[in-house]
Amino acid sequence: INAGRETLSRLIHQSRHCVVFTGAGMSTESGIPDFRSPGGIWSRMDPIEFDEFVSDESTRLEDWRRRFEMNEQFSAADPNSGHHAIATLVGRGKVAAVITQNIDGLHQRAGCPSEIVIELHGNATFGACLNCGARHELDEVRAIIARSGLSPRCDSCGGLVKSAVINFGQAMPVEAMERALDLAETCDLFVVAGSSLAVQPAASLPLIASRQGAHLVIINRDPTPLDDAAEYVLRGNIGEFLEDIA
Ligand code: NAD
């Protein structure tokens, strides 16, 4: 761990275009469970697929019920030392961008400017119309469901309103994916923090970075399918690790 810390510090110091890529493991030290660790979200419930949301009213209500619950957990959580360390490195110009699979908004709350946080799987703190994209606040959605017992429709176009996260089976946000690909293709250091690297296409980004010649470092408690492709794999808790480096 000590050698890893020194190595990563040196790589970040030498790098001219470092990108950090985060997953659910980034937020476990804030008390938000990840998906695949024992006790994680998928060990308790099956995910709702996008098609099921679109085709079935009772599934939509169940999706909203889970989103409200999740959002309460996110609002109660605080950014941890790892989020703060990344924000510090961004502030010092040592990290150019943060690509995240997380939907909890904790990088921004730790002080990373939202322009440099690329959310690949959306954001759970508001809703959006699937047809016209109009934003809908969660309080408004909650009130509609409480009043009518029905899932909300967009007041401008009548489309289905859904939490602004990407469900399984739903198309990736085009602009975010393009920016992430561009960063993977142009960075000289790509640091993965807290991702099982099991969800595609996000998990292809570290490989794209390493194939174009960037250093690839993975910080994760458990093994990932890309460990063999990484130059350094660091096992340990992200928070204390990044705090020391920052
Ligand atoms: P994942 O659950 O598949 O993997 C998390 C990884 O982080 C695991 O391999 C685990 O070993 C590691 N880990 C957990 N805590 C750690 C710590 N403190 N230090 C070091 N490593 C730690 O997560 P994923 O790869 O991000 O994929 C899951 C999907 O779930 C993503 O699409 C994401 O959108 C979503 N998700 C988001 C949140 C969130 O926003 N906080 C929470 C759960 C799931």
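**Exercise 1.** In this predicted model, work out which residues of α3 and α6 meet, and how the two helices cross.

*Solution.* Start with the contacts: from α3, Leu61, Trp64, Phe68 and Asn71 come up against Leu138, Val141, Arg142 and Ile145 of α6. Sort them by class and you get six nonpolar residues, one polar and one charged. Next, the geometry. Helix α3 spans residues 57-76 and helix α6 spans residues 138-148; their axes sit 11 Å apart, at an angle of about 135°. That angle makes α3 oblique to α6.

**Exercise 2.** Now do the pair α4 and α9: are they roughly parallel or roughly antiparallel?

*Solution.* Take the axes of α4 (residues 81-91) and α9 (residues 238-245): they come within 7 Å and cross at roughly 30°. Angles under 35 degrees count as roughly parallel, so α4 is roughly parallel to α9. The hand of the crossing is left-handed. On the α4 side the contact uses Ser81, Gly82, Ala85 and Ile86, and these meet Ile238, Gly239, Glu240, Leu242, Glu243 and Ile245 of α9.

**Exercise 3.** Place His121 in the fold, then decide: buried or exposed?

*Solution.* First, find His121: look in the loop between β3 (117-119) and β4 (122-129). Then count. His121 has 21 other C-beta atoms within 10 Å, so His121 is buried; the cut-off is 20 or more. Skipping neighbours within four places in sequence, the contacts of His121 are Gln101, Ile103, Val165 and Ile166. One thing from the record: the unreviewed UniProt entry annotates His121 as "active site".

Conventions: Residues are numbered from 1 along each chain as its sequence is written. This is a predicted model: local features need pLDDT of at least 70, side-chain atom pairs count only at pLDDT 80 or more; totals for chains, interfaces and linings use all residues. UniProt positions are given in the numbering used here, feature names are shortened, and annotations may be inferred rather than shown by experiment. Helices (H or I, at least four residues) and strands (E, at least two) are DSSP runs, numbered from the N terminus. A residue is buried if 20 or more other C-beta atoms lie within 10 Å of its own, exposed if 12 or fewer, and partly exposed in between; C-beta atoms are placed from the backbone. Two residues are in contact if their C-beta atoms, placed from the backbone, lie within 7 Å. Axes are lines fitted to C-alpha atoms, for helices over the stretch in contact, and angles run from 0 to 180 degrees between N-to-C directions. Angles under 35 degrees count as roughly parallel, over 145 as roughly antiparallel, 65 to 115 as roughly perpendicular and the rest as oblique. A crossing is left-handed if the near helix is turned anticlockwise from the far one by less than a right angle, and right-handed if clockwise. Ala, Val, Leu, Ile, Met, Phe, Trp, Tyr, Cys and Pro count as nonpolar, Asp, Glu, Lys and Arg as charged, and the others, Gly among them, as polar.
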